[in-house]
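Please open the model in the viewer and display the side chains.

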Amino acid sequence: MKLMILAADPQSAMEAQKAGVDRIFYDLEWIGKNERQHGRNTVKSNNSIDDIPAVREVLKESELLIRTNPIHAYSKAEIDKAIAYGADVLMLPMVMDQHDVEQYVEMVGGRAKVCIMIETAAAMARLDKILAVPGVDELFIGLNDLHISMGLIFMFELLSDGLVEYIANKCNNVGMPFGFGGIARIGEGDLPSDNILGEHIRLGSTSVILSRTFKGGDKKIRKIDLTEEVAKVRTRMEEIEQWNEEQYAENRKKIAEAVDVVIGKIQNKA
C-alpha cells in the first residue's frame, strides 16, 4: 500500500522521501474548497504551481502526485504546467460524472498517471460509468468532502456503514486500484489508525494519506521522527495482513462502535 503525505516545500518533501513515504502529495486545489469546508478543521492549501519544480528536484525515489483543481476554464493550462514541472500522478477532485473524467483524461493525454477522486454523491451514483472511462489509473475516495456531500455527521460513517466497501467492491471487480482517507499515527486518532488500517487491508486498498499528526506541530509533544512513525505503520500493516476473518470482523465492530461515540460527541456539542 502506498503511503502519501502532503508536502509543499523541498525540505518537507525530502524528509518524507528519506522516511520512506511513497508519494509526495502537492495540493493545488482551491476552487470551491473554502465554501464546501467552511468552519471545519480541514487542511486547506495555498500552494503555487510555480513552486513545484523545487519540490520535484529533490525527489529521486518518491513519486510526485499533484492534485489539480476540479474541471474549470483553465484546466488544460494547469495540467500542462503540472506535467511540465514533473508530475508523476495527477489527481482530479470533485468529479461529478464520467464526462469530467473523460475531459481530464483527454487533457492529460497519457503524459502522467490519472487518479480520480470520488468525493461527491453524484460521483458515487455514477461510479460504474466513471470506472468505464479508459485512461484512469486509480481512484481515491475523499471521505471528508464525500460525507459533506451526503449530509453525514462524521466522515468515517462512510467506512462503518459500508459505503467505502461498496466503492471498493466496484473497484475490485474491474481491477481498479483505489485508496481512501487518511490515518493518524499508530495508536492515535478519534478512530484509531490501527482500526482504519484493518479496513484498508481487508478491502484491498492501495493507498492512504498520512495525516497532520505525522508532522507534529504541538510544542508540548516531542519532535516527530517521521522515519520511525512510517516504519510503525508498515510494521502494523504486516501484522494486520496475518489476521483471520474473525479478527477483521471484530475490527469492523470496533470501528462501528467508535464512530457512534464520535457522532454522539459531535451531536452533543451542536
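Is Lys113 buried, partly exposed or exposed? With a relative accessible area of 34%, Lys113 is partly exposed; buried means under 20%, exposed over 50% and partly exposed in between (1.4 Å probe, protein chains only).

This is a predicted model, in which local features need pLDDT of at least 70 and side-chain atom pairs count only at pLDDT 80 or more, while totals for chains, interfaces and linings use all residues. Residues are numbered from 1 along each chain as its sequence is written, and side-chain values use heavy atoms, without hydrogens and water.

Next, select Glu63, which forms a salt bridge with Lys113 at 3.1 Å, N to O (a side-chain nitrogen of Lys or Arg within 4 Å of a carboxyl oxygen of Asp or Glu). Lys113 belongs to strand E5 (residues 113–118) and Glu63 to strand E3 (residues 63–67), so the pair ties together parts 50 residues apart in sequence. Helices (H or I, at least four residues) and strands (E, at least two) are DSSP runs, numbered from the N terminus. Glu63 is buried, at 16% relative accessibility.

Move to Arg252 and Glu165, whose side chains meet in a salt bridge of 3.3 Å, N to O.

Finally, select Phe154 and Phe156, an edge-to-face aromatic pair with 5.6 Å centre to centre and 65° between the planes. Such rings of Phe, Tyr and Trp (its six-membered ring) pair if their centres lie within 6.5 Å; planes under 30 degrees apart count as stacked, over 60 as edge-to-face and the rest as tilted. Phe156 is buried, at 6% relative accessibility.
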